[in-house]
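This report describes the fold of a protein and then turns to selected elements within it. The sequence and structure are shown first.

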Amino acid sequence: MYRLPLFDHRVLDLTTTPAGAYTTRLLGDLGAEVVLLETAPRAGHDDLYANKYSAAIDVATSEGHAAMLKLIASSDIVVYDRPIGADYADLKAVNGRIIAVALPPDGNAGTAVAAAGAVGLALWDQRR
């Protein structure tokens, strides 16, 4: 049975921009389980949001922030394009194997492809 390269990885999508959505879509297309954490449910779903689990949590509250940290603890990769109330050291304290991708808020499709490629290199380095 053929498995996609990221079949056993979970991605936490904390993005709000199309570049972020495209990055996590690419990772999902490679087999990763993608969990989209949004502050409010989206009215419509287009192809960038297909094949993603979704939860609406307000991470500005202490309960929401704690829920986000629990999701980070059970994820392999986190992708974000806005402040999340935690820096890389905080993420590593919660999950020592986490791969964090911080995208610029004005990213484009090229940024998304580069970010997905960087995740692949980071995973390769972890496995070495």
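## Burial and overall dimensions

Of the 128 residues of the protein, 40% count as buried. The model is a predicted one. Its accessible surface amounts to about 7,000 Å², and carbon and sulfur atoms account for 58% of that area.

Taken along the principal axes, the C-alpha atoms fill a box of roughly 40 × 35 × 30 Å.

## Secondary structure and contacts

Four helices and five strands make up the secondary structure of the protein. In sequence order, these elements follow the pattern β-α-β-β-α-β-α-β-α. Among contacts between residues at least 6 apart in sequence, 50% join residues that are at least 24 apart.

## Helix H4

Helix H4 comprises 19 residues, 109–127. At 1.5 Å a residue, H4 should span 27 Å, and the separation of its end C-alpha atoms, 27 Å, agrees with this. At the N-terminal end, H4 is capped by Asn-108, a side-chain oxygen of which lies 3.0 Å from the backbone nitrogen of Gly-110.

The buried residues of H4 are Ala-112, Ala-115, Ala-116, Val-119 and Leu-123. Viewed down the helix axis, these buried residues fall within an arc of 95°, so they line one face of H4. An α-helix has 3.6 residues a turn, so residues three or four places apart point the same way. The buried residues of H4 pack against helix H1 (18–29) as well as strands E4 (77–80) and E5 (99–102). On the other side of H4, Leu-121 and Trp-124 are exposed.

## Lys-92 in helix H3

Lys-92 belongs to helix H3, which covers residues 88–94. Is this residue buried, exposed or partly exposed? Its relative accessibility is 32%; because buried means under 20% and exposed means over 50%, Lys-92 counts as partly exposed.

Leaving aside residues up to four places away in sequence, Lys-92 touches Arg-97 and Ile-98. Lys-92 and Ala-73 are 19 residues apart along the chain, and their C-alpha atoms are separated by 9.2 Å.

Technical notes: Residues numbered from 1 in each chain as written. Predicted model: local features only at pLDDT ≥ 70, side-chain atom pairs only at ≥ 80, totals over all residues. Heavy atoms only, no water. Helix = DSSP H or I, 4+ residues; strand = E, 2+ residues; numbered from the N terminus. Expected span 1.5 Å × (residues − 1). Buried < 20%, exposed > 50% of the residue type's maximum accessible area, 1.4 Å probe, protein only. Arc of directions from axis to C-beta. Contact = heavy atoms within 4.5 Å. Polar contact = N/O pair within 3.5 Å; in protein donor to acceptor, adjacent residues only side chain to side chain. Areas by Shrake-Rupley, 256 points an atom, 1.4 Å probe, with all protein chains shown as cover.
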